[in-house]
Amino acid sequence: MSTIKSLKRSRPNLSVIPDVMGTKQPQDGCGSDNGGRLSAVSRRFMAKIPSLHRKKWGQKQQKLCQRCKEIDLDGIFNRPRHLIDSEMVLDLGILDEESRCALCRFFCSMRRTTPDSETARSYDLRVYSFNRYFNSGSGCRGSTLWAIDPDRFMHDLRDNTPLLPWSWFIPQSSSSDYFEQRTPWSNKPTVKGLPVKETSINYPLLRAWIKECGNHPTCNYRSFDPSGSHNRTTIRGIDCTTRRIVDLQPGDAYITLSYVWGNKALPNNKADRALPNTVPKAVEDAMIVVQQLGQRYLWVDQYCIDQHDEQDKHAQIRNMDHIYEGSHATIVAFSGEDSSSGLPGVSSTPRIPQPRFTSSTVALLGFASVPALDSSVWMRRGWTFQEALLSRRLLLFAHDQVYFFCSSGVWVESSMPMPRMLCQTKHQSIWYSAIASTIIPLRRLRHSSYGCQIDISLDQLIDLIGSYNKRQLSFQADALNAFRGLLSRVPFITYWGLPCYELPRGTKQSKETYHSLALQASDKTAASLLLRFLCWEPESTCLGRREGFPSWSWLGWETSDGISAEHLDSGPAIAHSTLNIEDDDGTTISMFDLIRQLGPEIERSSVLPERTTYLWLEGPVFTLGFQPANPTYGYFRFCPNHPLGHFHNHYKKMKESCTQQPCEELGMDIRFRFDIKGSKELGEKALKRKWDCLLVFTSDFHGTPNRHHFLILDPAEEHAGAYYVVVGTLRLKDYYRTILEKVLKTQVSHEHRKIRLG
């Protein structure tokens, strides 16, 4: 028997994937509907599915080994199953991808393994309950998914060791109605497979998705019509029938394209509004999709924004959130590395063959539930984050199939869609937990009187910030603009990306009532939320400073793993410092006064205008030195006896270095934002100097104020004057409420100072 190879290197044998749809389907090229041509395509497509004519699946018998000949395929895959979780059906033993047996090769192509283990030698055929793992509460009790899992691997898909890839297989559908597939033994909806062609898209299915999504209230609400007459910024679109760039009129439906531009030259579209004869492949294919969906206009940034007019470019960029939110749908070039990559399956870019096996009694089709997120350049780009979450519906073109996402549904081209395919609780749905924070469009509060607000909590906002900030930007100056549209819709007033004050949500208050609610916030309340989030921490070491943004905000740092705010707690907080904002003229203004000044403007957007990058904080400043607690992980401890230390390799040597008295083991967490773990020079810098540490607030933990939060400051100077850079945070656990008063204030130099943060 040949050696089993890694799953990533194995590819399904093409003989496993016969054309179960009969003769070759004609390609749906570009062009308009042409008087019912699309509906005719739909009829031809459905007519070529053998099951619709009650014929046997196998038009061409495939060779099977003796073991597979003895498997009762009809009894296994076609009989009803009422599963609560999952069960093992067959012990398949060793699988050989070079086998002459078609079923063995199919099973081999669908095998899975854990991320931290090699491909197993022995496998089981296992069946899973769709209702439990994908669609809790939908009533799809007869639906099952099949997988080839490592032998004796008792696996719960909700734990932290998922089997990879997200590959399943399901029997092929026998229904021509996409949303009405039922099990023969009950009236419950069920999930069945659809064949995916390598060189053509199932456009009737895509149109069915959009039509069904039209019944979702949360997918049809938008703040305003971006092409409306009341919008001062003119929105342009490509007329896919004439190939000209036109001004969109009020009420015009259009589709947006989200893609990776790449290192391509700027188009010269200042004078001529006609598209050039040759445009990037992603744009050309998107125009085909637009027409196949029965639409006419396509919005693409490189052609619909005048790239040589800085004033128009600035206005369009500030309006991009409304453009994507107002579009009929967004086409996502998920698999493309740049604009020259076509959309798989549309024209000349083929798709990965779908694993498939047919016999006289059953047809089994590969079913991928989640696209390969890690392999997508689009998933790593900064601008595409906001584009995905603000779009009302996404058509994601991946290497294997088309995926559809909206705020209420997730559908894939390889299966019959269910009326409800998405649970809004991440622990209930594999789709939601895997991709909700990065792809699925966010729900809007339909009855918000002060804008198209997104219903998220403070913790969810921090998760969004973390997911966005680890993405890549070609121009770091775009860090705020590429996220501004999301910030303007969250139920929090934000300043430089940090939350300042929580807005009332889900109410039908008038603008006057809302304005009075905003003014009722005291100066302490408005500032304390911002004070708290000044102490955010990166999940890991920051990659470096982002110039042009304040160091006290996450915008001022590039991160690789997002940010964290869990340590800030959600209970009451006692402020030790006061906060004011530096205005353009050098004067300072409190957060409360700024909110009062901008009341009507806040009703249009919850993003406070950026005055300067400076804040003024006034509070107790302690001069502290640090010793290493665990240099391997870059952790430090505070040593009140020896503020100047050396970079020891073990914590015991830190205690031995204290000559005055034994070093106290204070529960203090110190996190620098620069890379002290990867750089010995920076590590020595952190140890061989004293740091100014500003006490910002004390959080209430289980009814007891016992966690003190500090900012670690580094002096700097520029043309605007001297200021401090926030280079880290410090947390002191004071369970008995004695360390601050009896240790720090008695043994450490400190004073009440006014600090300018930049």
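Student: How many of the 10 residues of strand β24 are buried?

Tutor: This is a predicted model, in which local features need pLDDT of at least 70 and side-chain atom pairs count only at pLDDT 80 or more, while totals for chains, interfaces and linings use all residues. Residues are numbered from 1 along each chain as its sequence is written, and side-chain values use heavy atoms, with hydrogens and water left out. Strands (E, at least two residues) and helices (H or I, at least four) are DSSP runs numbered from the N terminus; buried means under 20% relative accessible area, exposed over 50%, and partly exposed in between (1.4 Å probe, protein chains only). Strand β24 covers residues 615-624 and is largely enclosed by the rest of the structure, because the number of its residues that are buried is 7.

Student: Over how many bridges do β24 and β31 pair?

Tutor: Two strands pair if DSSP finds at least two bridges between them. Strand β22 (residues 578-582) pairs with β24 in the antiparallel sense over 4 bridges, and Asn 580 has Trp 616 in β24 as its bridge partner. Between β24 and β31 the sense is also antiparallel, and the number of bridges is 8.

Student: In β31, which residue is the bridge partner of Gly 619, and is that residue buried or exposed?

Tutor: Strand β31 spans residues 750-757 and holds Arg 753. The bridge partner of Gly 619 is this Arg 753. Its relative accessible area is 19%, so Arg 753 is buried.

Student: With which side chain does the side chain of Arg 753 make a polar contact?

Tutor: Contact means heavy atoms within 4.5 Å, and beyond its neighbours within four places in sequence Arg 753 is in contact with residues including Leu 617, Glu 618 and Asp 692. A polar contact is a pair of N or O atoms within 3.5 Å; within protein, one must be able to donate a hydrogen and the other to accept it, and residues adjacent in sequence count only if both atoms are side-chain atoms. At 2.7 Å, the side-chain partner of Arg 753 is Tyr 724.

Student: Which are the edge strands of the open sheet of 8 strands?

Tutor: The strand order is β6-β5-β8-β7-β9-β12-β13-β14, with mixed pairing. An edge strand here pairs on one side only, and the two are β6 (244-247) and β14 (410-412).

Student: At what angle does helix α6 run to β13?

Tutor: Strand β13 (residues 402-406) is joined to β14 by 3 bridges, antiparallel, with Tyr 403 opposite Val 412. Axes are lines fitted to C-alpha atoms, for helices over the stretch in contact, and angles run from 0 to 180 degrees between N-to-C directions. Helix α6 (residues 203-213) lies across β12 (393-397), β13 and β14, and its angle to β13 is about 5°.

Student: Which residues have the most contacts inside the largest nonpolar core?

Tutor: A nonpolar core is a set of buried Ala, Val, Leu, Ile, Met, Phe, Trp, Tyr and Cys residues joined through side-chain atoms within 4.5 Å. Leaving out residues up to four places away in sequence, Phe 397 touches, among others, Leu 206, Val 289 and Val 402. The largest core has 114 residues, and those with the most contacts inside it are Ile 238, Leu 298 and Phe 397.
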